[in-house]
Amino acid sequence: MIGKISKLRDVAVAKIKEAGSSAEVEELRVKLLGKKGELTEMLKDLKNMAIEERKQFGQEANALKNELSEIIEAKFKELSANDVKKSLSSGSNFDISLPGTHYKLGSLHPVTIVQKEIEKIFTGMGFNIVDGPEVEEEFYNFEALNIPKHHPARDMQDTYWLENGSLLRTHTSPCQVRAMQKYGAPLKVIAPGRCFRNESTDASHENTFFQLEGMMIDKNVSIANLIYVMKLLLSEVFQRDVKIRLRPGFFPFVEPGFELDLNCMICGGKGCPTCKHSGWIELLPCGMVHPNVLRYGGIDPEEYTGFAFGLGLTRLAMMKYGISDIRVLNSGDLRAMEQFSVR
Ligand code: FA5
């Protein structure tokens, strides 16, 4: 039996050496080592052998299996290297050493990248992410935010009305009331989303842009909590200290209300078209939730207080990535978008 093995070895090694193509080598591999291959067939005789002979035959057969596998592998490599050389020297147009066709993967939009970063920061603080409809009811966009019909505050947000009386939401603040009604207090939510205003566009205004609403309601929530969270948000997004200014701001749904402006990162505060030559970008209005709004949300203002903010997400992306004109972000121009590519 041992003689059979060495005979098989000699024949197999010679045939593998002679093989001229990968297909031939593969055929030999199957013929020798495959399930019905010659070596496998030989091993079937093991059961009829005496113990001593079985041990020796088993060892020899295993060693041959390993040796042939290695020789076959080396032959495959040798043939494929030869194929490349042949193709390069034959003058053929087909160069198999060229890399394959490269299919471009898409990349995330800068606003989406910043949105995801902020979602991570807030979910880390125990906030939930909620959503609201872009086609909104007048009640949620205005009334429930303490802006009754015919109130001059409605003029601050020129609105696209639909024929059925609904509107394209002008801000993400309607999500505040929807979240309060759905989840009650205590509440910690953020609501990123698209907003629409009938505005003429310029370097920092679009008619379609993104905001990210935030709201925290609990017992004893104060302005100190609000300022802490605003500072944390900005330092996490920019990963450095940024210059801001806080000033009083009027929004009927908060009292007191603030405007939080960011020192313009396009011009470093010197003044440019992006900041309308003021050196500051209106970014993060915020305030303590008005008792009427809490009531609309079904929450008792005697028991709970809260803060809310409405971050200009598109403007934040502009500042973070140094994009001086907001219109680039809605342009669909891949040359601009791909620069921020994070997949
Ligand atoms: C509001 O929309 C309020 N709902 C924000 C708020 C929420 C205040 C909660 C208090 C409490 P304002 O109209 O200022 O506020 O818009 C908020 C931010 O959205 C602005 O600071 C700005 O960064 C961004 N923004 C507003 N209009 C546009 C626009 N046309 N294009 C791009 N960004 C805009």
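The model is predicted. Its largest pocket holds about 770 Å³ of space. Of the 41 residues lining that pocket, R197, E259, E282, P285 and R315 are the closest to its centre. A search of the whole structure finds 20 salt bridges and one cavity of 30 Å³ or more.

**Pocket and cavity**

- Several elements give two or more residues each to the lining of the largest pocket: β5, β6 (244-248), β7 (254-263), β8 (280-282), β9 (286-289), β10 (305-312) and α10 (313-321).
- The largest cavity contains about 50 Å³ of space.
- Its lining consists of F142, I147, A153, M156, Q157, H171, F251, P252 and F253.
- Two of these lining residues, Q157 and H171, are also in contact with R197.

**R197**

- R197 sits in the loop that runs between β4 (187-196) and β5 (208-218).
- The residue is buried but has no salt bridge.
- A polar atom of the R197 side chain lies 2.9 Å from the backbone oxygen of T170.
- Beyond four places in sequence, R197 is in contact with Q157, D158, Y160, T170, H171, N207, F209 and Q211.

**Helix α10**

- Seven of the nine residues of α10 are buried, so the helix is largely enclosed by the rest of the structure.
- The buried residues are L313, T314, R315, L316, A317, M318 and M319.
- R315 is also among the residues closest to the centre of the largest pocket.
- The buried residues of α10 pack against α5 (110-124), β5, α8 (223-238), β7, β8 and β10.
- G322 follows α10 and has a positive phi, near 65°.

**Helix α7**

- In α7 (residues 174-183), the buried residues are P174, C175, Q176, V177, A179 and M180.
- Their cover includes β2 (135-136), α6 (138-141), β4, β5, α9 (291-296) and β10.

**N330**

- N330 is in the loop between α10 and α11 (334-337).
- With a relative accessible area of 42%, N330 is partly exposed.
- N330 touches E206 and T208, leaving out residues up to four places away in sequence.
- N330 and E206 are 124 residues apart along the chain, yet their C-alpha atoms are separated by 8.6 Å.

**Salt bridges**

- R247 and E282 meet through their side chains in a salt bridge (3.2 Å, N to O).
- R247 lies in strand β6 and E282 in strand β8, so this pair ties together parts that are 35 residues apart in sequence.
- Both ends are partly exposed: R247 at 27% relative accessibility, and E282 at 42%.
- E282 is also one of the residues closest to the centre of the largest pocket.
- R29 forms a salt bridge with E26, with the closest N and O atoms 3.0 Å apart.
- R29 and E26 both lie in helix α2 (residues 22-33), three residues apart, or about one turn of the helix.
- R29 is partly exposed at 32% relative accessibility, and E26 is partly exposed with a relative accessible area of 32%.
- R9 and D10 also form a side-chain salt bridge (3.6 Å, N to O).
- R9 is partly exposed at 29% relative accessibility, and D10 is partly exposed at 47%.
- A network of salt bridges links E138, E143, K149 and R154.

Methods: Residues are numbered from 1 along each chain as its sequence is written. This is a predicted model: local features need pLDDT of at least 70, side-chain atom pairs count only at pLDDT 80 or more; totals for chains, interfaces and linings use all residues. Side-chain values use heavy atoms; hydrogens and water are left out. Helices (H or I, at least four residues) and strands (E, at least two) are DSSP runs, numbered from the N terminus. Buried means under 20% relative accessible area, exposed over 50%, partly exposed in between (1.4 Å probe, protein chains only). Lys and Arg count as positive and Asp and Glu as negative; His and the chain ends are not counted. A salt bridge is a side-chain nitrogen of Lys or Arg within 4 Å of a carboxyl oxygen of Asp or Glu. A polar contact is a pair of N or O atoms within 3.5 Å; within protein, one must be able to donate a hydrogen and the other to accept it, and residues adjacent in sequence count only if both atoms are side-chain atoms. Contact means heavy atoms within 4.5 Å. On a 1 Å grid over the protein atoms alone, a cavity is a set of points where a 1.4 Å probe fits but cannot get out, and a pocket is an open set with protein on both sides within 12 Å along at least five of seven lines; lining residues have an atom within 4 Å of a point. Grid points are joined across faces, edges and corners, and a volume is the space filled by probe spheres set on the points.
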